[in-house]
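These are my notebook entries on a single protein chain. I looked up charge pairs first, then individual residues, then the chain as a whole.

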Amino acid sequence: MSDDLENLLHEERSFPPSPEFAAQANASAGLFEEAVDREAFWTAQARDLLTWDTAFTQVLDFSDAPFAPWFADGTLNAAYNALDRHVDNGLGERVAIHFEAEDGTGETWTYARLRDEVARTANALTGLGVGLGDRVAVYMPMIPQAVVAMLACARIGAPHSVVFGGFSAEALHSRILDASARMVITTDGQFRRGTTMPLKGAVDEAIAHGDTPIEHVLVYRRTGGEVAWDESRDVWWHDVVPRQSTEHTPVPVPAEHPLFILYTSGTTGKPKGILHTTGGYLTQTAYTHRNVFDLKPETDVYWCTADVGWITGHSYVAYAPLVNGATQVIYEGTPDTPHRGRWWEIVQKYGVTILYTAPTAIRACMKWGEELPNGFDLSSLRLLGSVGEPINPEAWMWYRRVIGHDRCPIVDTWWQTETGAIMISPLPGVTATKPGSAQRALPGIGMDVVNDLGEPVPNGGGGYLVLTEPWPAMLRGIWGDQERYRETYWSRFPGMYFAGDGAKKDDDGDIWLLGRVDDVMNISGHRLSTTEIESALVSHPYVAEAAVVGAADDTTGQAVVAFVILRGEFTELADEVGEGRDVVAQLRAHVAHEIGPIAKPRDILIVNELPKTRSGKIMRRLLKDVADHRTVGDVTTLADSSVMSLIQRGLAGK
């Protein structure tokens, strides 16, 4: 990657931790010194944070690179570490989960209650023939029973494969087939934006192919809707789980025993089943959760807004918070149902102290206006987190000012499904944060930015983000296709894991993520980041949200095409004769001013909505289809598939 990135992402603002926060922080600068001896450092984390049935004597074996067993001769159980040991230590009455349903009703799950329900479910799974090593697909909405199902699988040593409840029957089928799952755990349906949507029907459709090894479908009644029923295969949760005993001994498994398979989404061809094992994964997720979020389990109320269908929901909802004995919020619904202040209402209701969410959600809240969060008491918040994609500086500043009232540290985290846990992040209480920068690799992580030849770039240079040393939570391969694992992640730069992301080091050596390398455009030989152009657009007072793609161009190779949502008070400008053109002209000039004339968008389309999945991810590949005048690809995972039709018509009318 060329040094044309050197002129990007200059940020003069910096926010050192307050003396009060630093004085009580879990992390200290000494962590970096401790981590110089990486194996000793990770050994200490594994022993301090987890309970082992058999103590390990081996730490890391990288002799068969790129495969990296950690703590291989130790044994443990993930569910025991998440639940039983807290109950055994007298913390059974601590709240594990505050569940908030979409309709505003809620229930409290203590560690004792959660442990008992997981034990009953584990007994039920065993009674239905699921055993050690068998794969179980979980296809459920964001309710406590989804976490129960995952932990029950872990309790008996059955790897789970969670499939996001917004995925289609075909997506579910391909994942069941690839993992050779013997059982599906699902619900009759789910609540979404005040209505009910079926889930069991998609399971039936997936299994109807006749080529899966599914023996049972365990169904939790959530909505009470009518479902088709196969007496030889289908089993109601309420018929088998409540009558089980709460006596159940967790199965100790080797540290390298598979804990779960999670399929990457949004790619063409066969899905990639990312394999994670038990000991290293739990070690690093617990360590990062404790230090990145400055967790105080006795007093904090933690809320990660991610669905368990994604890696963030696995690591920072289902596992690390419970392993660390935290109290957390799980919310079933969307940020705008029944009103756009719903999230802030929940923060106020439960006294949330730590909030971890996505830039897409933050920008949506910006679009809705400050008066909504200002109408609720957010004074309990003490730390804010961002995950999922690079956050543009203006959204970062809005998050800090409006939600954090200029006193909450923001941890902008970078990691992937493949890494299993956070890899790059500020350390609250230690790091002076910069809006838009994930900043530094965490203690114990080997990371660099390299050029096309695999050579480290100097400060101020741009290139490819690579991981230079194995880490405990790293993927152990692609399920059933280890050659694909080698080719996908380790072939571009021999001896280094290539994350697929572009990055830049600023003059201080801090890391700025530039998105996937596919999102780094080549305009007349100049490499430009879509993230940077989006940040420039959103910094304009008219703009609430923006998505940028590169479109084919006969002259420049690629051209910038931007899709923009205006802030509410400016939306009428786009509809007025002449004013719409003036808005576009102002935005193009603004980008040229912020970055340079080379970055000026060829086309800017003002839209009411952007195509997003139900988890809030912008589907830029669909926008690229429109910009390149191609047939738009699969829209089944969008929250509202009609958005693409409106965008296509809008571009055609330009």
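Entry 1: I take a salt bridge as a side-chain nitrogen of Lys or Arg within 4 Å of a carboxyl oxygen of Asp or Glu. Helix H8 (residues 200-207) holds both Lys-200 and Asp-204, which are four residues apart, about one turn of the helix. Helices (H or I, at least four residues) and strands (E, at least two) are DSSP runs, numbered from the N terminus. Lys-200 and Asp-204 are both buried. For this term I use under 20% relative accessible area; exposed is over 50%, and partly exposed lies in between (1.4 Å probe, protein chains only).

**Entry 2: basis of the values.** I note that the model is predicted, that local features need pLDDT of at least 70 and side-chain atom pairs pLDDT 80 or more, and that totals for chains, interfaces and linings use all residues. Residues are numbered from 1 along each chain as its sequence is written, and side-chain values use heavy atoms, with hydrogens and water left out.

Entry 3: I next looked up Asp-510, which forms a salt bridge with Lys-434; the closest N and O atoms are 2.8 Å apart. Asp-510 lies in the loop between strand S21 (497-505) and strand S22 (511-516), and Lys-434 in the loop between strand S18 (410-412) and strand S19 (447-450), so the pair ties together parts that are 76 residues apart in sequence. Both Asp-510 and Lys-434 are buried. I also recorded one network, in which salt bridges that share partners join Arg-363, Glu-389, Glu-534, Glu-545, Lys-612 and Arg-620.

**Entry 4: a partly exposed pair.** I found a salt bridge between Arg-113 and Glu-107, with the closest N and O atoms 3.9 Å apart. Arg-113 counts as partly exposed because its relative accessibility is 36%. Glu-107, at 32%, also counts as partly exposed. My search of the whole structure gives 41 salt bridges.

Entry 5: Which residues does His-257 touch, not counting residues up to four places away in sequence? I list Leu-132, Gly-133, Gly-157, Thr-277 and Thr-278, where contact means heavy atoms within 4.5 Å. His-257 is in the loop between strand S11 (253-254) and strand S12 (258-263), and its 13% relative accessibility makes it buried. I located Asp-452 in the loop between S19 and strand S20 (462-467). Asp-452 has 37% relative accessibility and therefore counts as partly exposed. From Asp-452 to Gly-463 I record 7.4 Å in space, C-alpha to C-alpha, and eleven residues in sequence.

**Entry 6: the whole chain.** I count 21 helices and 27 strands in the protein chain. Its C-alpha trace spans about 70 × 60 × 50 Å along its principal axes. Of the 654 residues, 63% count as buried. Among contacts with a separation of 6 or more, 71% come from residues 24 or more positions apart.
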